[in-house]
Amino acid sequence: MIDLLVLGSGAGGGFPQWNSAAPGCIAARQHNGTSPRTQASVAVSGDGKRWFLFNAAPDIRQQINENTALHPAPEEDGQLRHTPIQSVILTCGEIDAITGLLTLREREPFSLMASASTLEQLNANPIFGALDPAIVPRIALNLDEPFPLQHKDGSDSGLTLTAFAVPGKAPLYAEAEGSRPDETLGLSVSDGTHTLLFIPGCADITADIIHRAEQADLLLFDGTLWRNDEMIRAGLSPKTGKRMGHVSVDDPDGPMASFKDCTKPKKVLIHINNSNPILLDNSPERDAVTQAGWTIAADGMTFRLETP
């Protein structure tokens with residue numbers, strides 16, 4: 001069995017973004033035909049009790065407080081501090097994937113897993129020393145190497161994690177250093193029978209990614225923008241989606257076209273930017289996505305993979 005809880009489904013800045021007066025963000029503040037979203041992160045469990053977090057969004061405190069599955073519970077020996085969070089696993093070093101780590105600095109044991117490149121970026125910034133490695137050990141993930149996920153007490157979770165490289169880019173603060181092969185990861189989780197894929201950022205959908213999706217039962221994929229030039233057209237940014245390291249949902253090389261023949265997995269778009277019209281309940285773009293068989297991720301959404 002694999003349980004997945006969507007903690008946050010928005011892209012960087014969330015929805016509504018703090019400084020945006022665009023129509024979609026105004027509608028989100030008013031709960032008018034759309035719902036607010038925090039920044040993208042999910043939690044995965046093999047027993048429904050102990051959880052592995054994929055990315056640590058800036059909104060992580062809010063996400064924990066809004067999901068009872070992640071609340072602390074007194075243990076048998078009466079400890080006043082506790083968390084069901086076993087590990088945080090990062091797909092990249094982007095700001096909206098790592099800054100939540102600083103919220104988790106209260107000397108609570110858990111492990112931190114990421115690519116060697118992302119760990120180097122964290123190690124180079126002294127502020128992340130607030131997470132004492134003696135309490136929060138850092139584990140480098142080797143690409144394409146299955147890794148059994150263990151609980152903090154050393155017991156087996158029943159889940160196996162495989163990290164794999166996807167096309168992406170270096171984080172904005174590290175672009176001068178150039179991009180490395182393990183800069184952006186996809187994560188595959190299996191219980192031996194079922195498999196889920198978490199790919200919240202992807203600059204190009206390769207044949208390898210399509211093959212992995214064909215074998216999966218659940219696919220959560222980058223839904224940042226509807227079109228590559230979306231933010232330029234809206235006057236919000238001079239950058240295209242590709243420049244930001246993201247394919248776009250409706251582009252010829254985007255997920256709707258690329259995964260059209262992947263009929264096995266349930267397909268879910270996540271990491272959705274506040275400019276993307278699929279966030280609006282009655283938009284034609286949302287209709288097109290749902291008619292193509294995709295689900296639009298929302299905060300608090302749950303999925304369970306199990307044998308009937």
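The model is predicted, so local features need pLDDT of at least 70 and side-chain atom pairs count only at pLDDT 80 or more, while totals for chains, interfaces and linings use all residues. Residues are numbered from 1 along each chain as its sequence is written, and side-chain values use heavy atoms, with hydrogens and water left out.

Helices (H or I, at least four residues) and strands (E, at least two) are DSSP runs, numbered from the N terminus. Two strands pair if DSSP finds at least two bridges between them. Axes here are lines fitted to C-alpha atoms, for helices over the stretch in contact, and angles between N-to-C directions run from 0 to 180 degrees.

Within this sheet, strand E3 (residues 51-54) and strand E4 (residues 85-89) run parallel and are joined by 4 bridges. Phe 54 stands opposite Ile 89 in E4. Contact means heavy atoms within 4.5 Å. Ser 117, Thr 118, Leu 119, Gln 121 and Leu 122 of H4 are buried. Buried means under 20% relative accessible area, exposed over 50%, and partly exposed in between, with a 1.4 Å probe and protein chains only. The cover over the buried residues of H4 includes helix H3 (95-98), E5 and E6.

A further open sheet holds 7 strands in the order E7-E8-E9-E10-E11-E12-E13, and its pairing is mixed. E7 and E13 are the edge strands, each pairing on one side only. Strand E7 (residues 147-150) pairs with strand E8 (residues 156-165) in the antiparallel sense over 3 bridges. Phe 147 stands opposite Leu 161 in E8. E7 and E8 form a hairpin with 5 residues between them. Gly 154 in the turn has a positive phi of about 90°. Strand E9 (residues 185-190) runs antiparallel to E10, with 4 bridges between them. Ser 188 stands opposite Leu 197 in E10. Helix H5 (residues 207-215) lies across E8, E10 and strand E11 (218-222), at about 145° to E10.

Aromatic contacts were then examined. Rings of Phe, Tyr and Trp (its six-membered ring) pair if their centres lie within 6.5 Å; planes under 30 degrees apart count as stacked, over 60 as edge-to-face and the rest as tilted. The count comes to 3 aromatic pairs. Phe 54 and Phe 198 form a tilted pair, 5.7 Å centre to centre with 45° between the planes. This pair links distant parts of the chain: Phe 54 lies in strand E3 and Phe 198 in strand E10 (residues 195-199), 144 residues apart. Both Phe 54 and Phe 198 are buried. Phe 259 and Trp 294 have ring centres 6.2 Å apart and planes at 55°, so their pair is tilted. Phe 259 sits in the loop between helix H7 (255-258) and strand E12 (266-270), and Trp 294 in strand E13 (residues 294-296), 35 residues apart. Phe 259 and Trp 294 are buried. Together with Phe 221, they form one aromatic cluster. The charged end of Arg 212 sits over the ring of Phe 164, 4.0 Å from its centre. This term requires NZ of Lys or CZ of Arg within 6 Å of the ring centre and within 35 degrees of the ring normal.

The structure holds 0 disulfides. A disulfide is a pair of cysteine sulfur atoms within 2.5 Å. For Cys 202, the closest cysteine sulfur is in Cys 92, 12 Å away and too far for a bond. Cys 202 lies in the loop between E10 and H5. Its relative accessible area is 0%, so Cys 202 is buried. Cys 25 also counts as buried, at 0% relative accessibility. Not counting residues up to four places away in sequence, Cys 202 touches Pro 167, Ile 209, Phe 221, Asp 222, Gly 245, His 246 and Val 247. The C-alpha atoms of Cys 202 and Leu 119 are separated by 20 Å, with the residues 83 apart along the chain.
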